[in-house]
Amino acid sequence: MDKQKILYAFNDDMKWEKLLKDIDNINHYPEVVEKIAVIAFGTAILSILKSTSLEEIKSKIAQASHNGIDFYVCGNTMRKYGITADQLLPQIKIAQRGTDIQILEMKEEGFYLFTII
């Protein structure tokens with residue numbers, strides 16, 4: 001099997017722990033996975049603010065980012081909630097044109113989409 005690219009998408013603030021566990025599990029198979037990316041929208045963006053008190057999630061995101069995982073946040077969701085770029089954790093990139101367009105672009109790059117429900 002060729003190495004694969006995976007994109008996780010989710011919109012629930014309560015799903016970060018599951019997402020991070022899934023990433024940790026899949027990282028046990030470096031011969032299968034080439035690249036991992038995450039896009040958060042909806043209430044999921046609340047845990048990636050600098051002001052969040054969820055220190056374990058902040059730490060795990062920092063470590064995952066250091067290990068090459070890309071984290072995106074939906075620009076449309078940011079505008080909806082009045083969140084600015086300077087309020088985000090430094091590892092977070094902004095999907096300026098929104099989640100849907102980001103997913104379409106990444107699918108064109110060969111990413112498989114997994115949704116966390």
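A salt bridge is a side-chain nitrogen of Lys or Arg within 4 Å of a carboxyl oxygen of Asp or Glu. This is a predicted model, in which local features need pLDDT of at least 70, side-chain atom pairs count only at pLDDT 80 or more, and totals for chains, interfaces and linings use all residues. Residues are numbered from 1 along each chain as its sequence is written, and side-chain values use heavy atoms, with hydrogens and water left out.

The structure holds seven salt bridges. One of them joins Lys-18 to Asp-22, with the closest N and O atoms 3.0 Å apart. Another joins Glu-17 to Lys-21, where the closest N and O atoms are 3.3 Å apart. Glu-17 and Lys-21 both sit in helix H1 (residues 16-26), four residues apart, about one turn of the helix. Lys-18 and Asp-22 also both lie in helix H1, again four residues apart. Helices (H or I, at least four residues) and strands (E, at least two) are DSSP runs, numbered from the N terminus.

How open are these side chains? Glu-17 is exposed at 51% relative accessibility, and Lys-21 is partly exposed at 47%. Here, buried means under 20% relative accessible area, exposed over 50%, and partly exposed in between (1.4 Å probe, protein chains only).

## A salt bridge between strands

Asp-70 forms a salt bridge with Lys-93, and their closest N and O atoms are 3.0 Å apart. This pair links distant parts of the chain: Asp-70 is in strand S3 (residues 70-74) and Lys-93 in strand S4 (residues 92-95), 23 residues apart. Salt bridges that share partners join Lys-35, Asp-70 and Lys-93 into one network. Asp-70 is buried, at 18% relative accessible area, while Lys-93 is partly exposed, at 36%.

## Aromatic rings

Rings of Phe, Tyr and Trp (its six-membered ring) pair if their centres lie within 6.5 Å; planes under 30 degrees apart count as stacked, over 60 as edge-to-face and the rest as tilted. By this rule there are three aromatic pairs. Tyr-8 and Phe-114 make a tilted pair, because their ring centres are 5.8 Å apart and their planes stand at 40°. Tyr-8 belongs to strand S1 (residues 4-10) and Phe-114 to strand S5 (residues 111-115), so the pair ties together parts that are 106 residues apart in sequence. Tyr-8 is buried, with 5% relative accessible area, whereas Phe-114 is partly exposed at 39%.

Phe-10 and Trp-16 form an edge-to-face pair, 4.8 Å centre to centre, with 85° between the planes. Phe-10 is buried at 1% relative accessible area, and Trp-16 is buried at 1% too. Phe-10, Trp-16 and Phe-71 form one aromatic cluster.
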